[in-house]
Amino acid sequence: MASNTSGQGFQNKNRVAILAELDKEKRRLIQSQSMNSPGASIPLSRPAVNKDFRDHAEQQHIAAQQKAALQHAHAHSSGFFITQDSSFGNLILPVLPRLEPE
């Protein structure tokens, strides 16, 4: 039993040392970032450009998928369909005509 408690004590000391080292490294990185603040703003602007590009590419991909789905539906069905954003991720939605009451 005594060897078990001494092993746990060693593990706890080891964990504390690792956590202290990580904390020290974190503080060093934060200080280096604050000292280099003019250069820190440059990388922040690039992801926005990449995000806009990805969003545009994704919209084009969705538009192409909608067009293909619409063409397929019109070719293989006698119903009417439209492209519209759906809460459930559907690319096209069926349209039911309104009939005038007689």
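Which residues form a nonpolar patch on the surface? They are Ile18, Leu19 and Leu22, and together they have about 310 Å² of accessible area. Keep in mind as you look around that this is a predicted model.

**The chain as a whole**
- The protein chain has two helices and two strands, and these elements follow the order α-α-β-β from the N terminus.
- Of the 102 residues in the protein chain, 3% are buried.
- The protein chain has an accessible surface of about 9600 Å², and carbon and sulfur atoms hold 59% of that surface.
- Among contacts in the protein chain with a separation of 6 or more, 12% join residues 24 or more positions apart.

- You will find Leu19 in helix α1, which covers residues 2-35.
- Leu19 counts as exposed because its relative accessibility is 56%, and the cut-off for exposed is over 50%.

- Gln66 sits in helix α2, which covers residues 37-76.
- With a relative accessible area of 14%, Gln66 is buried, since buried means under 20%.
- Leaving aside residues up to four places away in sequence, Gln66 touches Thr83, Gln84, Asp85, Leu91 and Ile92.

Note on methods
Residues are numbered from 1 along each chain as its sequence is written. This is a predicted model: local features need pLDDT of at least 70, side-chain atom pairs count only at pLDDT 80 or more; totals for chains, interfaces and linings use all residues. Side-chain values use heavy atoms; hydrogens and water are left out. Patches are made of residues with over 30% relative accessible area and no salt bridge: like charges are joined within 9 Å, nonpolar side chains (Val, Leu, Ile, Met, Phe, Trp, Tyr) within 5 Å. Accessible areas come from the Shrake-Rupley method with a 1.4 Å probe; for residues, only the protein chains shown count as cover. A salt bridge is a side-chain nitrogen of Lys or Arg within 4 Å of a carboxyl oxygen of Asp or Glu. Helices (H or I, at least four residues) and strands (E, at least two) are DSSP runs, numbered from the N terminus. Buried means under 20% relative accessible area, exposed over 50%, partly exposed in between (1.4 Å probe, protein chains only). Contact means heavy atoms within 4.5 Å.
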